[in-house]
Amino acid sequence: MRRKTIVASLIAASLSGPLWAQSVQGTVVDEQGQPVADAWVTVVGQNKKVKTDASGRFEFKDLQSKQAELHIEAGSFAHRNFRLDLPAQGLQSIQLALNPTALEVIDIKASPFHASATESALPVSVLAGDRLKMNQQSTLGDTLKNEVGVHSNFYGSVASSPIIRGLDGPRVLITQNGLDAGDASRVGPDHSVSAEASTASQIEVLRGPATLFYGSGAIGGVVNVVDNRIPTEQVTKGEWMLQRESVNNEKLASGSAQTFVGQTGLYADVFWRDNDDYSIPGQAEVHHDDEDHDHEEGASGKVVNTAATAKGFSVGSSYLLENGFVGVSFGQLKREYGIPGHSHGGHEEEGEEQAEESVYADLKQDRVQFLSELELGLSWLQQLNSRIAYTDYQHMEIEEGVVGTTFKNQSEEARFELLHPVIADWRGGISLHYKHSDFAAVGDEAFTPPSSSEMLAIALMEERHFGPVLLQLGARTEQVTIDASDVLLPELAAHSHDEDVDDHDHDHDAEFIRVFDVEHKFKPYSLSAGAVWDFTEGYNLGLSLSRSERAPSASELLSFGPHIGTGSYEVGALFSRNTDPDAEQAIVLNRQPIEMEVANNLDLTFRKISGDIGLVFNAFYNKVDNYYYQQNTGLFAESGHSHDHTEEEGHDHSGELPVYLFVAEDVILHGFESQLVWQIAQPYRFTVQADYIRARLDRGGDLPRTPPLRLSSELAYEGDQISADLRLTRYFKQDKVSELESATAGYNLLDASVSYHFSGALQDIVLYVKGENLTDEEARVHTSFLKDKTPLPGRSLGLGIRGQF
């Protein structure tokens, strides 16, 4: 009888709900005790989130625990966490105080824990709001180039990818709403990133290894472009922009709108951008690589083949539930842009300059994406986040109206995050991740063979507060497979320019090409541990340790051919230089095993968050074994295009390209990033930031194209209607260069903007003017493959208007 009574009691308790279903009611205030309206209050680990009303009040009901951790975020205030013990009667009329901060604090979406940049063990930057709109450029790398620790591999303004702490290409993952962008931008700098800044809500930069969330392709960092194409809340809002630039006659129009019908969210955006060739400073020279350094376009002062046009749209819909959302979207991007510096060295007539070929890229991408976040509230599964994407990408290079080379990439990706309920104060979960891509390049300049890459991974992520210390732990293991069935080893009689080579000695019609299959399997793993210590009010210290492995990409392994976009003949790590000085074949198969990169990274961060002065200082040390990079061999090979020579002139080298071989060596990268923000008075703010990267080979020597030391300062005024800023950036000389690489002179860039804010037609409107490179200084980007051919644009004035409702 007693046993039946106990069972009946347990059944009744389970049907009536948890015994600890308490409520919390309170007010969020500032340091003077005044209410803070529109602050977001989140129950950590339970996916419950409310916004404070005009009196700063909030309320939660039926919290499923005896303890609760509240995370509070509000504009101009430092985010804070409060741990509360919940008595049986709940908590009423509690008061939670926030401290003001001079730093811009924005919640980041790149992590399933959704913390702010000041609460992470890894350094994070977020570009959003007015700063994003004023800094946005036609390419992603140029949009982010002013962010601390981030540079651009500037490619004549038509393409650029971000460089994070000296790392780019396959080591920096570009994502859109958390999933790989699925383009070919990691193959070469002349391939545009398929992400548009004008319709983004924010762009997040994770500096340092982020492999646990995104995989080994993020061994150097992540750039996550966030937009609202899948709505997550029942709101009606929109924004639009019109802009005109003088330096390249750029015209931009973009807009987005979001609304809902019942429980269904709806979203749409569209953009159009068009520009001509850009102008360069009056004294700048744009030259070829030949000894005479002839002007490419000296008379007109423009860099040819830098015109571009782009357009795109996306639509999305979601079903909004009480416990989350489920949504799907479709986006399309089309872009045509010139490829500067693309000449094959046609012979000059006497008194005439060498003509630049008319070469442009025609890009198209279709992308379908599925996102969902569902709070399940199960005893073993608190929340399930799902992200799935399919991307169809095509990039054609067209010369004189004829398609020369076509690049295609079809990719599928899925990531599922299974977050468990809070267990012994630990929160976290497991991530399951799958990615597959089929990449093909067909044509005269297909320097890499068709290949298939597949990745399957599982990761564990956990974090817990120990008093003032937040501890973050993670581990990830992957299986990566690279398959290619048509890998080529053609005859390559490369030579030094010091050698006397007669082209007639080689019978090109009888070239011998080996074709073979390649399959490589790798099992990289990653481990990380991080801690954030709030050692006193308004200050914290961050420490992050990680070991990350990366399998080389297909292009790093299998390339063998002319890559005109970089002006080089690229050879992958599957091959090696022939050590026999008498052999006619300069490149042979590499008989050494293909190793994975292994990065051991240490990050230290100091932050002063509250008060009129905000400070963030990061120092990092990264030792990478088997680091794959392109080494200049000092050899030259035929580009594959015809060239002329006569007996009087001898051999004409204008149809040749320097041979770059992917090699693996141990390297060390270390440096720092710092930012100080001083709120001088309410409308005035002064910012100083600096970053430095030292990238060197362990055996001695330097890595190529390492960003130089950079120092910048900005004075900003933010009034009720007028805002303005003046920014001066100093790029120092870079003379720590690799073999056969030239140094780059330092330069200063002066930028400014003025905005006028007003209300009209039921919306907030901003009319603005901005100027870039106001001193019209000649500037050459050391990280660019085309620094000698494409200096930065000259003085530019932009006029725009934007609105939001």
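Trainee: How many residues are in the largest nonpolar core, and which have the most contacts inside it?

Mentor: That core has 62 residues, and Ile203, Val223 and Phe575 have the most contacts inside it. A nonpolar core here is a set of buried Ala, Val, Leu, Ile, Met, Phe, Trp, Tyr and Cys residues joined through side-chain atoms within 4.5 Å. Strand S35 (residues 656-681) gives the largest share of this core, 7 residues.

Trainee: What kind of model is this, and how are residues numbered?

Mentor: It's a predicted model, where local features need pLDDT of at least 70 and side-chain atom pairs count only at pLDDT 80 or more, while totals for chains, interfaces and linings use all residues. Numbering starts from 1 along each chain as its sequence is written, and side-chain values use heavy atoms, with hydrogens and water left out.

Trainee: Is Asp691 buried or exposed?

Mentor: Asp691 is buried, because its relative accessible area is 2%. The cut-offs are under 20% for buried, over 50% for exposed and partly exposed in between, using a 1.4 Å probe on protein chains only. You'll find Asp691 in strand S36 (residues 684-697). Strands are DSSP runs of E with at least two residues, helices are runs of H or I with at least four, and both are numbered from the N terminus.

Trainee: Which partners does the Asp691 side chain reach?

Mentor: It reaches the backbone nitrogen of Gly149 at 2.9 Å, and a polar contact of 3.3 Å joins it to the side chain of His151. A polar contact is a pair of N or O atoms within 3.5 Å; within protein, one must be able to donate a hydrogen and the other to accept it, and residues adjacent in sequence count only if both atoms are side-chain atoms.

Trainee: What about Tyr629, buried or exposed?

Mentor: Tyr629 counts as buried, because its relative accessibility is 8%. Tyr629 lies in strand S34 (residues 613-638), and its side chain makes a polar contact of 3.0 Å with the side chain of Glu665. Not counting residues up to four places away in sequence, Tyr629 also touches others, including Leu661, Phe662 and Pro704. Contact means heavy atoms within 4.5 Å.

Trainee: New topic: how many cavities of 30 Å³ or more are there?

Mentor: There are 10, and the largest cavity holds about 780 Å³ of space. Its lining has 39 residues, and the closest to its centre are Asp180, Lys435, Ser437, Ser453 and Ser553. On a 1 Å grid over the protein atoms alone, a cavity is a set of points where a 1.4 Å probe fits but cannot get out, and lining residues have an atom within 4 Å of a point. Points are joined across faces, edges and corners, and the volume is the space filled by probe spheres set on them.

Trainee: Which element gives the largest share of that lining?

Mentor: S24 does, with 5 residues.

Trainee: Last one: where is Glu400, and is it buried or exposed?

Mentor: Glu400 sits in the loop between S21 and S22. Glu400 counts as exposed, because its relative accessibility is 55%. Glu400 also has a positive phi of about 50° although it is not a glycine.

Note on methods:
On a 1 Å grid over the protein atoms alone, a cavity is a set of points where a 1.4 Å probe fits but cannot get out, and a pocket is an open set with protein on both sides within 12 Å along at least five of seven lines; lining residues have an atom within 4 Å of a point.
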